[in-house]
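Try each one before reading its solution.

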Amino acid sequence: MEMPEERLTAATFEELAMPLFDQLYNFAHWLARDPAEAEDLVQETYAKALRGFSSFQPGTNFRAWMYRILRNTFLTSRSGLKETVPLDLADDAEVPARSDTPETILLERSQQQLLQTAMEELPLPFREILLLCEVEEMSYQEIADTLSVPIGTVMSRLSRARTGLREVLRRKLKRT
């Protein structure tokens, strides 16, 4: 979300930041693996962003700025590069099925579990880039801004992440 040139105020911050709350919580939950920790992470992100809002450059990507703060807060708070980050959905989330037969529900949940375990085997930079691109639907430029890397790095890391995920899935499918 790009912001026009205007005076940076708490009201402006609220207007820009609040629509991102659910997306930031979702990303934080996947990073932290725990709902309470994700809530703390988002709360700390909003507090840091509000304190540092005067340093935000109007006209730049606010969404990427917020994601970068969240990511840096996570990495600083728990040496996140060594952490494993699962691809979790809420435990009570229903998997949409094309039909409601027990067989199709079981098959979809099995595929979901396979994808989740395959994602967990990828290194954090690959999981992170897949989440930002495929789940959060960020553009390559937004991801580059969020991760503070060149767009070429985003493209190559995303390519390697997808290749790695395919290899892990292929290996897991051969075992079954």
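**Exercise 1.** In which helix is M155 found?

Solution. M155 sits in helix α8, residues 151-175; helices here are DSSP runs of H or I, at least four residues, numbered from the N terminus. A quick note on the ground rules: this is a predicted model, where local features need pLDDT of at least 70, side-chain atom pairs count only at pLDDT 80 or more, and totals for chains, interfaces and linings use all residues. Residues are numbered from 1 along each chain as its sequence is written, and side-chain values use heavy atoms, with hydrogens and water left out.

**Exercise 2.** Work out how enclosed helix α6 is.

Solution. Start with burial: buried means under 20% relative accessible area, exposed over 50%, partly exposed in between (1.4 Å probe, protein chains only). Of the 12 residues in α6, 9 are buried, so the rest of the structure largely encloses this helix. Among the buried ones are R127 and E128.

**Exercise 3.** Find how F13 and F62 pair up.

Solution. Rings of Phe, Tyr and Trp (its six-membered ring) pair if their centres lie within 6.5 Å; planes under 30 degrees apart are stacked, over 60 edge-to-face, the rest tilted. That rule gives 11 aromatic pairs. F13 and F62 are edge-to-face, 6.2 Å centre to centre with 80° between the planes. The pair links helix α1 (F13) to helix α4 (F62), 49 residues apart. Both F13 and F62 are buried.

Note on methods. Helices (H or I, at least four residues) and strands (E, at least two) are DSSP runs, numbered from the N terminus.
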